[in-house]
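My entries follow in the order in which I made them.

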Amino acid sequence: MGERGGALVIVVCPGQGAQKVGMGKDLAERFPEARDTFAAIDEALGARLSHLMFEGPEEELVRTHNTQPAILAHTAAVLAVVGPRLEIHAAAGHSLGEYSAYLAAGALDVTAAARLVRQRGTLMLEAGAARPGAMAAVLGLAPADVEAACAEASAAGEVAVAANLNEPAQTVISGDPAAVARAGEACKARGAKRVLPLKVSGAFHSPLMEPAVPGLVAALAAVEFRAPGCPVVANATAEAVTDAPTALRLLAEQLTAPVRWIACAQRLAELAPGQPFVEVGPGAVLGGLVKRIVPGAQTMTLGTAAEVEQFLTR
């Protein structure tokens, strides 16, 4: 991807949690390409998503059917500006960010991607309303111990699973509220430093999202999805995906499967040894995780107008 002679990079794209009111506003003010991207997404969705991103209110922005296209739109706006200056050798994204990674890899058009993740968010919101769930971050405990605690806590038709394997000392658990609470206590008993409940609208990346899968499969089948122009490492398996059918299958699986971010970061480093990880979109969470997973990894964040300007003028 990108022009010959562009910066050789690994692109990583953020997921839910990176949103905040004001996101992308400086990009729209500074770069016509970003402004045009936000306008195209607004038109495709038939909604003033950019106004919600720039001005809030926060309680609407954090609803998952708004959050998901908002974060993708922010990533897309940055890519519209810097894409010609990047040569992407591999890409991945965290949960929702995997769709942004396929956008970066040229597999999806921006308006189709925005409509797709809006549908994904709506389906997940509906699944969460039908069977309310909970999520919690477990800090200071190895993933294998968290998985054992979840297995111990799953009983009487209630389930808890390790949903996000973010880095060696941070795993997010997901499932039925009572089971997640039991799993959190079991993690503390195994030596976890902290267990922090998360504000979410459903038990993402757990079996509780199963009702959303058929609708997502249909939405994926309806979109024009091309072979990515660089390998995209899938959350569900940490395999490098280079064809559209595999991408579509694993994006559907991703809804109920764990985000294996530790393995994803390791795989990216294997695919493009020594190349910098560039986090494209809001926030800097993934760069921090990568540094704790891949020793000596170089990271860069391209999310604000100032960061993009600095990259373009270096």
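**Notebook: contacts, cores and helix pairs**

I began with V195, which touches A136, A137, V138, G184, C187 and K188 when residues up to four places away in sequence are not counted; contact here means heavy atoms within 4.5 Å. I noted that this is a predicted model, in which local features need pLDDT of at least 70 and side-chain atom pairs count only at pLDDT 80 or more, while totals for chains, interfaces and linings use all residues. Residues are numbered from 1 along each chain as its sequence is written, and side-chain values use heavy atoms, with hydrogens and water left out.

V195 is found in strand 6 (residues 194-198); strands (E, at least two residues) and helices (H or I, at least four) are DSSP runs, numbered from the N terminus. At 17% relative accessibility V195 counts as buried, the classes being buried under 20% relative accessible area, exposed over 50% and partly exposed in between, with a 1.4 Å probe and protein chains only. I also looked up V259, 64 residues from V195 along the chain, and found their C-alpha atoms separated by 18 Å.

Next I turned to L49, which is found in helix 3 (residues 49-55) and is buried, with a relative accessible area of 3%. Leaving out residues up to four places away in sequence, L49 touches I41, D42, N66, P69, A70 and A73.

I then asked which residues have the most contacts inside the largest nonpolar core. They are V11, Y102 and F225, in a core of 77 residues; such a core is a set of buried Ala, Val, Leu, Ile, Met, Phe, Trp, Tyr and Cys residues joined through side-chain atoms within 4.5 Å. Helix 5 (residues 64-82) gives the most to this core, with 10 residues. Apart from this core lies another, of 39 residues, among them V233, F277, I293 and A297. For V11, the contacts beyond four places in sequence include L86, I88, V278 and V280.

Helix 5 and helix 7 (residues 110-130) pack at an angle of about 155°, with their axes 7 Å apart; axes are lines fitted to C-alpha atoms, for helices over the stretch in contact, and angles run from 0 to 180 degrees between N-to-C directions. That makes helix 5 roughly antiparallel to helix 7, given that angles under 35 degrees count as roughly parallel, over 145 as roughly antiparallel, 65 to 115 as roughly perpendicular and the rest as oblique. The residues of this contact divide into nine nonpolar, six polar and two charged, where Ala, Val, Leu, Ile, Met, Phe, Trp, Tyr, Cys and Pro count as nonpolar, Asp, Glu, Lys and Arg as charged, and the others, Gly among them, as polar.

Helix 5 also packs with helix 6 (residues 97-104), at an angle of about 25° and with the axes 10 Å apart, which makes the two roughly parallel. In this pair L72, T75, A76 and L79 of helix 5 meet Y99, S100, L103 and A104 of helix 6, and by class the contact has six nonpolar, two polar and no charged residues.

Last, I checked helix 8 (residues 143-153) and helix 9 (residues 177-189), whose axes come within 8 Å and cross at roughly 135°; the two are therefore oblique to each other. Their contact is made by V146, A149, C150, E152 and A153 of helix 8 and A179, R182, A183, A186 and C187 of helix 9.
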